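Let's take a friendly walk through this protein chain together. Keep the viewer open and follow along as each part comes up.

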Amino acid sequence: MIGGIRRECGPDFRIGWHLSIERYGLRLEELREMTAEIFDRELIDYLDLAPWDYHQIVQEGSFRGRTLLNVFADLPRKGGAACRIRSAGRATRLLDEGCDFVLIGRAGILERNCPVLVESDASHESPALPVPADFLRKGGLSERFIDHLRGWGDVVRPGSL
């Protein structure tokens with residue numbers, strides 16, 4: 001599948017792979033081996049690694065004692081991490097642990113200028129979730145998107161109009 005996307009889009013089109021490590025029932029060793037092969041075949045340009053907890057220590061297998069992030073950080077690649085990054089400090093720690101870049105999701109939804117805020121204040125943290133719907137409106141989000149976010153369960157404060 002990824003090979004077909006690469007063929008159709010060509011080498012200049014950036015392709016990333018969002019990998020939620022703890023899902024799908026695969027062993028960590030299998031996931032790392034598969035990821036290494038995908039990078040080796042140049043099918044993707046970056047890995048968007050999304051562990052539930054980037055501090056999580058592997059408890060068993062050949063990577064025991066390492067963080068989930070560290071298991072993938074030493075692969076030859078261009079890679080990022082996305083794992084509930086909502087503060088400048090957390091982003092800095094991920095870069096220090098070997099990520100080439102960090103990706104933001106909810107933080108960027110909550111504050112469209114989040115990268116600027118982080119760049120200007122090393123202690124910046126996104127607003128605590130859930131936020132009132134009015135906070136999102138003031139940030140420029142449409143009613144339709146706010147309604148969509150209500151389905152996420154932890155973004156829009158229940159009962160807020």
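## A patch at the surface

On the surface, Met-1, Ile-5 and Phe-13 form a nonpolar patch, and together they have about 370 Å² of accessible area. Met-1 sits in the segment before helix 1 (2–9). With a relative accessible area of 87%, Met-1 is exposed.

## The chain as a whole

Please keep in mind that this is a predicted model. The average pLDDT of the chain is 86, and 93% of the residues score at least 70.

The secondary structure comes to eight helices and four strands. Starting at the N terminus, you can trace the elements in the order α-β-α-β-α-β-α-β-α-α-α-α. The C-alpha atoms fill a box of roughly 50 × 40 × 35 Å along the principal axes. The chain has 161 residues, of which 37% count as buried.

Now turn to helix 2 (residues 28–40), which has 13 residues. From its first C-alpha to its last, helix 2 reaches 18 Å, close to the 18 Å expected at 1.5 Å a residue. Which residues of helix 2 are buried? They are Leu-28, Leu-31, Arg-32, Thr-35, Ile-38 and Phe-39. Looking down the axis of helix 2, you will find these buried residues within an arc of 125°, so they line one face of the helix.

## Salt bridges

Side chains of opposite charge can pair when their charged atoms come close. The structure holds 10 salt bridges, and the table lists some of them.

| Asp-45 | Arg-14 | 2.7 Å |

Let's begin with the salt bridge between Asp-45 and Arg-14. Asp-45 lies in the loop between helix 2 and strand 2 (46–49), and Arg-14 in the loop between helix 1 and strand 1 (16–19), so this pair ties together parts that are 31 residues apart in sequence. Are the two partners buried or exposed? Asp-45 counts as buried, at 12% relative accessibility, whereas Arg-14 counts as partly exposed, at 47%.

Next comes the pair in helix 7. Asp-134 and Lys-138 both lie in this helix, four residues apart, about one turn of the helix. Asp-134 is partly exposed, with a relative accessible area of 34%, while Lys-138 is exposed, with 71%.

Through salt bridges that share partners, Asp-134, Arg-137, Lys-138 and Glu-143 are joined into one network.

Notes. Residues numbered from 1 in each chain as written. Predicted model: local features only at pLDDT ≥ 70, side-chain atom pairs only at ≥ 80, totals over all residues. Heavy atoms only, no water. Patch = residues over 30% accessible without salt bridge, like charges linked within 9 Å, V, L, I, M, F, W, Y side chains within 5 Å. Areas by Shrake-Rupley, 256 points an atom, 1.4 Å probe, with all protein chains shown as cover. Salt bridge = Lys/Arg side-chain N within 4 Å of Asp/Glu carboxyl O. Helix = DSSP H or I, 4+ residues; strand = E, 2+ residues; numbered from the N terminus. Buried < 20%, exposed > 50% of the residue type's maximum accessible area, 1.4 Å probe, protein only. pLDDT = per-residue confidence, 0-100. Expected span 1.5 Å × (residues − 1). Arc of directions from axis to C-beta.
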